[in-house]
Amino acid sequence: MPEPNYAVELTPPDIEPYRTGNTGIDYVTSFDSGRPGPHVLVAALTHGNEICGAIALDKLFRAGVKPRRGQLTLAFDNVAAYREFDPRYPIASRYVDEDFNRLWSPATLDGPRQSIELERARALRPVVDGADFLLDLHSMQYATAPLMLAGLLPRSRELARQVGIPELIMCDAGHAAGPRMRDYGGFGDPASPKKALLIECGQHWERRAAEVATDVLLRFLIALGSVERDDVAALGGPDFDATPRQRVIEVTEAVTITGEHFDFAGEFRGLEVLPEKGSLIGHDDGRDVRTPYANCVLIMPSRRLVKGQTAVRLGRYLD
């Protein structure tokens with residue numbers, strides 16, 4: 001499949017002014033309203049080349065937005081990878097040693113392994129542990145519609161509906177390669193009240209991704225009562241007042257690469273609906289990979305076709 005060539009329309013913001021913060025952890029700043037309310041955590045740069053979230057947080061900082069109740073924490077995650085971002089080779093700075101968003105299990109965080117990403121995840125762990133709500137800002141390899149990844153818990157799906165954008169909500173269990181921050185601790189525990197969402201804002205470097213990141217962030221804070229609409233309306237973009245009919249995609253399985261060579265059978269970019277059961281998706285070391293049911297939705301096909309990683313997720317519309 002030919003590699004898409006996307007222009008880098010976004011300018012990485014300078015986050016050095018936010019290095020010191022006020023939490024004792026570099027690039028993590030927390031604002032306490034002094035009034036009762038939830039602790040809301042918004043994270044950007046979980047992957048170093050997904051810069052739309054950093055733009056959204058920078059905009060919030062520059063506007064001086066503070067919570068009306070509870071606590072609001074803004075965190076830039078994988079700063080080491082972000083420092084490597086080069087618009088001439090923008091795909092190369094996803095991470096330094098390993099994927100920051102596959103490390104979020106106690107066994108990994110407490111284990112003996114060492115990496116730049118693990119060191120950072122361990123530093124951020126107390127912040128994540130202390131949050132009641134999490135929004136993790138991401139972007140995608142291909143230019144497809146934004147996706148809100150709500151996980152499998154009904155309470156997180158309901159929060160996605162309260163935020164109201166984007167149109168598509170995806171409910172999935174994550175990756176075989178390791179758990180995301182979205183599913184860590186209480187966020188993935190059915191008995192916990194904590195809630196987490198992960199937004200894929202669009203193609204990594206398109207201008208629209210930064211607009212989506214900002215609008216979703218503002219709507220998230222409004223939904224939780226951290227801010228009121230009038231506090232942030234001036235920062236809103238095209239989707240700030242949008243009222244789409246939201247649709248839910250249930251992910252039924254992830255295609256994990258088991259062989260040394262995987263290739264797709266077509267130029268899939270994501271959200272293609274294959275109408276026939278048994279439609280060919282690709283080959284994993286020559287083994288056919290086919291759709292398990294009719295009207296199967298292909299979600300976020302990867303360009304990182306490496307053994308043990310997710311090639312594509314398969315799902316279906318629930319409504």
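Which elements each supply at least two residues of the lining of the largest cavity? The model examined here is a predicted one, in which local features need pLDDT of at least 70 and side-chain atom pairs count only at pLDDT 80 or more, while totals for chains, interfaces and linings use all residues. Residues are numbered from 1 along each chain as its sequence is written, and side-chain values use heavy atoms, with hydrogens and water left out.

The protein holds seven helices and 14 strands, where helices (H or I, at least four residues) and strands (E, at least two) are DSSP runs numbered from the N terminus. Its radius of gyration, taken over C-alpha atoms, is 19 Å, close to the 20 Å that the globule rule (2.2 Å times the number of residues to the power 0.38) gives for 319 residues, so the protein is as compact as a globular protein of that length. Along the principal axes, the C-alpha atoms fill a box of roughly 60 × 45 × 40 Å. Of the 319 residues, 55% count as buried, a class that means under 20% relative accessible area, with exposed set at over 50% and partly exposed in between (1.4 Å probe, protein chains only). Among contacts (heavy atoms within 4.5 Å) with a separation of 6 or more, 69% join residues 24 or more positions apart.

Rolling a probe the size of a water molecule over the atoms shows where empty space is left. The search uses a 1 Å grid over the protein atoms alone: a cavity is a set of points where a 1.4 Å probe fits but cannot get out, a pocket is an open set with protein on both sides within 12 Å along at least five of seven lines, and lining residues have an atom within 4 Å of a point. Grid points are joined across faces, edges and corners, and a volume is the space filled by probe spheres set on the points.

The structure holds one cavity of 30 Å³ or more, and the largest cavity has a volume of about 40 Å³. The elements that each supply at least two residues of its lining are β2 and α4 (116–130), and α4 gives the most, with three residues. The lining consists of Leu41, Ala43, Ala75, Asp77, Leu124, Val127, Val128 and Met181. By class, seven of these residues are nonpolar, none is polar and one is charged; Ala, Val, Leu, Ile, Met, Phe, Trp, Tyr, Cys and Pro count as nonpolar, Asp, Glu, Lys and Arg as charged, and the others, Gly among them, as polar.

The largest pocket contains about 520 Å³ of space. It is lined by 30 residues, of which Arg94, Asp99, Arg102, His175 and Arg304 are the closest to its centre. Its lining divides into eight nonpolar, eleven polar and eleven charged residues. At least two lining residues come from each of β4 (133–140), β7 (195–203) and β14 (310–317), with β4 giving the most, three residues.

Thr46 lies in the loop between β2 (39–44) and α1 (52–63), and counts as buried because its relative accessibility is 1%. Its side chain is joined to that of Asp136 by a polar contact of 2.8 Å; such a contact is a pair of N or O atoms within 3.5 Å, and within protein one must be able to donate a hydrogen and the other to accept it, while residues adjacent in sequence count only if both atoms are side-chain atoms. Not counting residues up to four places away in sequence, Thr46 also touches residues including Asp77 and Met181, both of which line the largest cavity.
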